[in-house]
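Please take a moment to look at the sequence and the 3D structure below before reading on. The paragraphs that follow move from the whole chain to single residues.

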Amino acid sequence: MSAKKKDMALCMIFLVLLVGGFLFCVFLPKENYSESERRMLSPMPKWSAQGIWSGRFMSEFESYVVDRFPFRDSFREIKALTALGVFARKDNNKIYVSDGFLSALEYPMDEVSLGRAAERFRYVCGKYLTEENKVYLSVIPDKNCFLARESGHPSMDYEEFERQMAERTDFAEYIPVSDLLERDDYYRTDTHWRQEKITDVAERLAVAMGTTLSQDYEIHTLESDFYGVYYGQAALTLAPEKIQYVTGTDIDGCTVYDWQNEREIPVYDMEKAEGRDPYEMFLSGSLSLLTIENPNARTDKRIVIFRDSFGSSVAPLLISGYAQIALVDIRYIHPDHLDAFLDFEGCDVLFLYSTLVLNHSDTIK
């Protein structure tokens, strides 16, 4: 074959790939949500003279094309495997693998953020609490505490993190739980801890706050496979895992009210267990304000827990120790509105937050 014919053949192959890619982009069905990444995909930007002139249209169009590229997840996996396997990078888009566990880099410690979180907690105490209220704080370490340093990744000083939070919140009694935790207490592909592994954490919290738990637990396993939030972000093929959840007399007999949506909900939402984020089965996920009533309680103690998503799975384990548990997520409801729903008189208060939220406390209202 002559050089001219070879050049023509290469040009034709390139043209076919170019036109084929264009047609795929135009005519393939387009999803609005990425199941693997658990996020909404960038929409097609609207035409406007101002948008084109300012450059905003092309910037948004670029995001749209990147999100809707044909076979995008396959290309993402190739990119991840190449970055980690060929170029020996330590992480891919700040997600790394360590002995089968996925985690996102969380570094460095943001002391300003810790100070802001402490001040927001102090604001709540000053607005609603008196000397009759007992106030507690507990910090939940993220998975990097047990993975990062050992695998050669940047790691915060978690002991210093806890020390600073305890020092900044001198109005609360600090309850340490990190010594009870280890790598296997967390899901391999997700951010959160495993409920069936943290009964000892619940027990320590309860004892420190002057109550007792029944320990009348039965563990159940969901049939469906669980792929955590890091699974899609890492773009790697890893084995799925199972979600287990704990039931008992007090858990089964309690009632949960969702003030955000004005409805009664179950402790474990089996519809969400089959949804996009199965971890949301625990108290129906990210809700701003819940109250749990325990008619079988052997005490009249009440507690208000200010928490993030980690609290959704530990709260059911505390039900047997209280007549009422209120769960408040001040990332979604401003503290000024709480007196319309909650009575703080005589109740205990626990600030229970993960290092992930405390290190990014701008999410707290």
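The accessible surface of the protein chain amounts to about 18,600 Å², and 55% of this area belongs to carbon and sulfur atoms; such areas are calculated by the Shrake-Rupley method with a 1.4 Å probe, and for residues only the protein chains shown count as cover. This is a predicted model, in which local features need pLDDT of at least 70 and side-chain atom pairs count only at pLDDT 80 or more, while totals for chains, interfaces and linings use all residues. Residues are numbered from 1 along each chain as its sequence is written, and side-chain values use heavy atoms, with hydrogens and water left out.

Of the 365 residues in the protein chain, 47% are buried, where buried means under 20% relative accessible area, exposed means over 50%, and partly exposed covers what lies in between, with a 1.4 Å probe and protein chains only. The secondary structure comprises 13 helices and 14 strands, which are DSSP runs numbered from the N terminus, helices (H or I) having at least four residues and strands (E) at least two. If we take the contacts in the chain between residues at least 6 apart in sequence, 72% of them join residues at least 24 apart, a contact being heavy atoms within 4.5 Å.

We can now turn to the backbone. Most residues other than glycine have a negative phi, and most peptide bonds are trans. Asp99, however, has a positive phi of about 50 degrees although it is not a glycine; this residue sits in the loop between strand E3 (95-98) and E4, and Asp99 counts as exposed because its relative accessibility is 61%. Glu262 also has a positive phi, near 50 degrees, and is located in the loop between strand E9 (255-258) and strand E10 (263-265). With a relative accessible area of 65%, Glu262 is exposed. A cis peptide bond, with omega about 0 degrees, joins Tyr107 and Pro108, and Pro108 belongs to the loop between strand E4 (101-104) and helix H5 (111-128).

The charged side chains come next. How many salt bridges does a search of the whole structure find? The search finds 15, a salt bridge being a side-chain nitrogen of Lys or Arg within 4 Å of a carboxyl oxygen of Asp or Glu. In helix H7 (residues 158-168), Arg163 and Glu160 lie 3 residues apart, about one turn of the helix, and their side chains meet in a salt bridge at 2.7 Å, N to O. Arg163 also forms a salt bridge with Glu167, with the closest N and O atoms 3.0 Å apart; Glu167 and Arg163 are separated by about one helical turn because they are 4 residues apart in helix H7. Arg163 is partly exposed at 41% relative accessibility, Glu160 is partly exposed at 23%, and Glu167 is exposed at 54%.

Another salt bridge links Arg331 and Asp329, whose closest N and O atoms are 2.7 Å apart. Is Arg331 buried or exposed? Arg331 counts as buried because its relative accessibility is 16%, and Asp329 is buried as well, with a relative accessible area of 1%.
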